[in-house]
Amino acid sequence: MLLAINAQNSVIALGCFDEGGTLRAVARIAAVTACTADQYACQIDGVLRLRGYSSAEIFGAVLCSVVPSLNGVLHDAVRILCGCEVVSVSSGVKTGLSIQMENPRALGSDLVCVALEAASQGRLPAVVIDMNTATTFTALDRRGVLVGSMIAPGVRTGLEALREKAAQLPSISLTLPEKRLLGKNTVDAMASGVLNGAASMVDGMICRCREQLGEDLTVYLTGTDAPLVAGRMREPVRRADDMVLHGLYRIWLKNRKN
């Protein structure tokens with residue numbers, strides 16, 4: 001089993017791939033910078049067992065992280081679990097991806113992963129929208145070259161900022177009946193503003209990307225919060241769950257040791 005690890009600001013996604021490259025299970029644990037390698041090893045081992053897998057089955061691991069302080073801890077956690085080395089998506093790792101950015105090494109490793117997965121699908125030009133703590137847009141031209149990106153606040157990040165800055169607004173959960181736009185109370189009004197606002201922002205960004213990249217643009221929607229806005233969008237998208245994990249598998253194939 002290959003263990004793919006996608007460490008985001010609030011959540012760490014774990015993917016279990018078999019030797020044929022099929023994603024057999026996905027689990028998520030909280031990203032807590034205060035946790036030690038031993039604690040992460042216990043958590044990873046526990047959630048793998050819940051999914052019916054054992055850490056003894058791990059033959060390799062690959063990691064991308066947007067939280068630098070977690071990199072060393074997660075590397076050590078994997079070594080504690082199975083003793084194998086970890087391929088980390090960083091400068092020097094082989095991706096086969098052409099990146100036209102001012103400083104390609106500064107590009108987020110999660111953006112590299114989703115771009116590689118999108119390029120492998122062959123539906124170009126393309127933009128990948130990944131909705132997590134931040135909402136990112138990663139654009140590839142019709143040659144498969146990563147030509148740029150955009151970063152906006154994530155759905156929950158926007159909600160948290162609204163709650164923190166507006167003293168009279170309550171804490172809410174992001175649930176709202178489909179098709180409802182105008183809230184009849186404060187809670188529904190906040191949920192509508194956040195969810196429909198995020199959907200409208202994404203729709204508008206897609207329109208602008210299409211103007212620059214071409215009318216035949218393929219749009220992929222992924223990320224933890226994608227289900228919250230997908231049903232409220234007007235632009236056509238291809239839902240692609242766990243694109244980062246699939247991109248990590250492809251990177252591992254290119255960098256594994258014989």
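Predicted model: local features only at pLDDT ≥ 70, side-chain atom pairs only at ≥ 80, totals over all residues.
Residues are numbered from 1 along each chain as its sequence is written, and side-chain values use heavy atoms, with hydrogens and water left out.

**Helix 1**

Let's start with helix 1, residues 37–50. Helices (H or I, at least four residues) and strands (E, at least two) are DSSP runs, numbered from the N terminus. The expected span of a helix is 1.5 Å times one less than its number of residues. With 14 residues, helix 1 should span 20 Å, and its end C-alpha atoms are 20 Å apart, so the two agree.

Which residues of helix 1 are buried? They are Ala37, Tyr40, Ala41, Ile44, Asp45, Val47 and Leu48. Here buried means under 20% relative accessible area, exposed is over 50%, and partly exposed is in between (1.4 Å probe, protein chains only). In an α-helix there are 3.6 residues a turn, so residues three or four places apart point the same way. The buried residues of helix 1 pack against strand 1 (2–7), strand 2 (11–17), strand 3 (23–30) and helix 2 (68–82). After the helix comes Gly52, with a positive phi near 90°.

**Aromatic rings**

The structure has 3 aromatic pairs. Rings of Phe, Tyr and Trp (its six-membered ring) pair if their centres lie within 6.5 Å; planes under 30 degrees apart count as stacked, over 60 as edge-to-face and the rest as tilted. Two of the pairs are set out here.

| Pair | Centre to centre | Angle of planes | Type |
|---|---|---|---|
| Phe17 and Tyr249 | 5.0 Å | 20° | stacked |
| Phe59 and Trp252 | 5.7 Å | 50° | tilted |

Phe17 sits in strand 2 and Tyr249 in helix 7 (residues 243–255), so this pair ties together parts 232 residues apart in sequence. Both of these residues are buried. Phe59, in the loop between helix 1 and strand 4 (60–65), is 193 residues from Trp252 in helix 7. Phe59 is partly exposed because its relative accessibility is 35%, whereas Trp252, at 11%, counts as buried. Put together, Phe17, Phe59, Tyr249 and Trp252 make one aromatic cluster.

**Met233**

Last stop: Met233, in the loop between helix 6 (226–230) and strand 10 (238–239). At 11% relative accessibility, Met233 counts as buried. Neighbours within four places in sequence aside, Met233 is in contact (heavy atoms within 4.5 Å) with Ala199, Val202, Asp203, Ile206 and Leu221. Met233 and Asp203 are 30 residues apart in sequence, but 6.3 Å apart in space, C-alpha to C-alpha.
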